[in-house]
Amino acid sequence: MTRRRSLIHPLDRYVFEEFWKIFVAFALGFPILVIIIDLTDNLQKYLSRNLPRADVALSYLYWLPDSMFLVLPAAVLFATVFSIGGFTRHSEITAAKASGISFYRLVLPVYAGAVLAAIFGLALGEVVPITNAKRLELLQENKYKQGTERYNFAYAAEQGRVYKVGALSVERGTMESLELERKGKGADYPSYVVSAARATYNPKGKAWTVGRGMLHVIPDSGPDIAFAFDSLRDRQMREQPADLMAVPRSPAEMGYRDLTRFIRALERSGGDANELKVERALKIAIPVTCLVIALFGAPLATSTQRGGSAYGVGISLGTTVIFLMLIQLTKAIGGKGLIPPDLAAWIPNVVFAVVGTWLLSRVRT
């Protein structure tokens, strides 16, 4: 009976473990360093608010996903350069080649690790808005934040709906003197107007409850129909209180879908959403950067034997700085509308992918 050869060799496990150990160390180390610096800068402010120490500590635990999201590509780069650089300096790559294993086959576990890092980054991008909201709640930022109320405004929502609001309070989650209009398109889709004294938002159910009002149905032909109600729940009213404010919410406070809805609402209101479109595209582009940066860093790491660990640190830091500068440059260009926002977010990945492919083609296998 023939024994079937396994696709995963001991060498693959060894390469993957070396990559993953370094990746985890940097993915956690960078955020912890940022947390220590931020705590040093803001400790006095938190003490002046008389916040419990447990709440402050828990708030930084909630901030960890946000800090990790931005440093994942850098962590992948450091892990790639240091793991492959170590193999190069200890002649392990030469030994693998002598055994008939090409450089491309040797670094496959590194690319597998980069794929896992990218998947983790995509999941992290959806968790970040939730943890950030928890952090702001623990630090009582909304209590000290200005601009949580708005008066006498109109808001253009989806499906041709318009909200006319006398007063909005984001902190309390309420609207006063609400009038909701929807223009119809025929007998099966009539126009209607809802007038109410007050509406309250339920954050758990993510829905508004309209209280004490009148519903006027206005068909194309025939008399108007009016209904009085004590409370009414409109399932199409999906906007959160912060969405109805004049100023945009931070992209870090919204997931991909929430950010998409906010962009549509901003465009319906005549606002410029280019910067937010770039931020939305980056929620996918940054995790994908983990793959691109591994493609770029693997061939680059084969030259680290020239200067040892210091050379590897220099390459990693220099590449990270160049990449971040390129992201900021393209964000500014895309935010101004000089190029399509989605293209602006992906330009750094395209540039590094092209350079990485060229470097990989020049590696001796």
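The model is predicted. The chain holds ten helices and six strands. Of its 365 residues, 44% are buried. The six strands form an open sheet, and helices α1 and α2 pack against each other at an angle of about 145°.

**The chain as a whole**

- The chain exposes about 20,200 Å².
- Contacts can be sorted by how far apart the two residues are in the sequence. Among contacts between residues at least 6 apart, 64% join residues at least 24 apart.

**Helices α1 and α2**

- Helix α1 covers residues 10-48, and helix α2 covers residues 53-89.
- The axes of α1 and α2 are 5 Å apart, and the angle between the two helices is about 145°.
- The crossing of α1 and α2 is right-handed.
- The residues in this contact comprise 28 nonpolar, three polar and two charged ones.

**L51, in the loop between α1 and α2**

- L51 sits in the loop that lies between α1 and α2.
- L51 counts as buried because its relative accessibility is 9%, and the cut-off for buried is under 20%.
- Apart from neighbours within four places in sequence, L51 is in contact with Y46, V56, L138, L139 and Q140.

**N132, in helix α5**

- N132 belongs to helix α5, which covers residues 108-138.
- With a relative accessibility of 8%, N132 counts as buried.
- Setting aside neighbours within four places in sequence, N132 is in contact with W63, D66 and A252.

**The sheet**

- Strands of a sheet pair through backbone hydrogen bonds, in either a parallel or an antiparallel way.
- In this model the strand order is β1-β2-β3-β4-β5-β6, and the pairing is antiparallel.
- Strands β1 and β6 (225-233) stand at the edges; each has a single partner strand, so one side of each is left without a neighbour in the sheet.
- On average, neighbouring strands of the sheet are turned by 10° against each other, with direction ignored.

- Strand β1 (residues 149-156) pairs with strand β2 (residues 161-169) in the antiparallel sense, over seven bridges.
- Two residues with bridge partners in β2 are Y151, whose partner is A167, and A154, whose partner is K164.
- The hairpin of β1 and β2 has four residues between the strands, and Q159 in this hairpin takes a positive phi near 60°.
- Strand β2 is mostly covered, with seven of its nine residues buried.
- Strand β2 also pairs with strand β3 (residues 174-182), again in the antiparallel sense. This pairing runs over eight bridges.
- The bridge partner of S169 in β3 is T174.
- The hairpin of β2 and β3 has four residues between the strands, and G173 there takes a positive phi near 70°.

**Strands β4 and β5**

- Strand β4 (residues 191-202) and strand β5 (residues 207-218) pair in the antiparallel sense over eleven bridges.
- N202 has A207 as its bridge partner in β5.

**Positive phi within strands**

- N152 is found in strand β1. N152 is not a glycine, but its phi is positive, at about 50°.
- N152 counts as exposed because its relative accessibility is 68%, and the cut-off for exposed is over 50%.
- R212 has its place in strand β5. R212 is likewise a residue other than glycine with a positive phi, here near 50°.
- With 62% relative accessibility, R212 counts as exposed.

Terms used:
Residues numbered from 1 in each chain as written. Predicted model: local features only at pLDDT ≥ 70, side-chain atom pairs only at ≥ 80, totals over all residues. Heavy atoms only, no water. Axes fitted to C-alpha atoms, helices over the stretch in contact; angles between N-to-C directions. Left-handed = near helix turned anticlockwise from the far one by under 90°. Nonpolar A, V, L, I, M, F, W, Y, C, P; charged D, E, K, R; others polar. Pairing = 2+ DSSP bridges. Buried < 20%, exposed > 50% of the residue type's maximum accessible area, 1.4 Å probe, protein only. Contact = heavy atoms within 4.5 Å. Areas by Shrake-Rupley, 256 points an atom, 1.4 Å probe, with all protein chains shown as cover.
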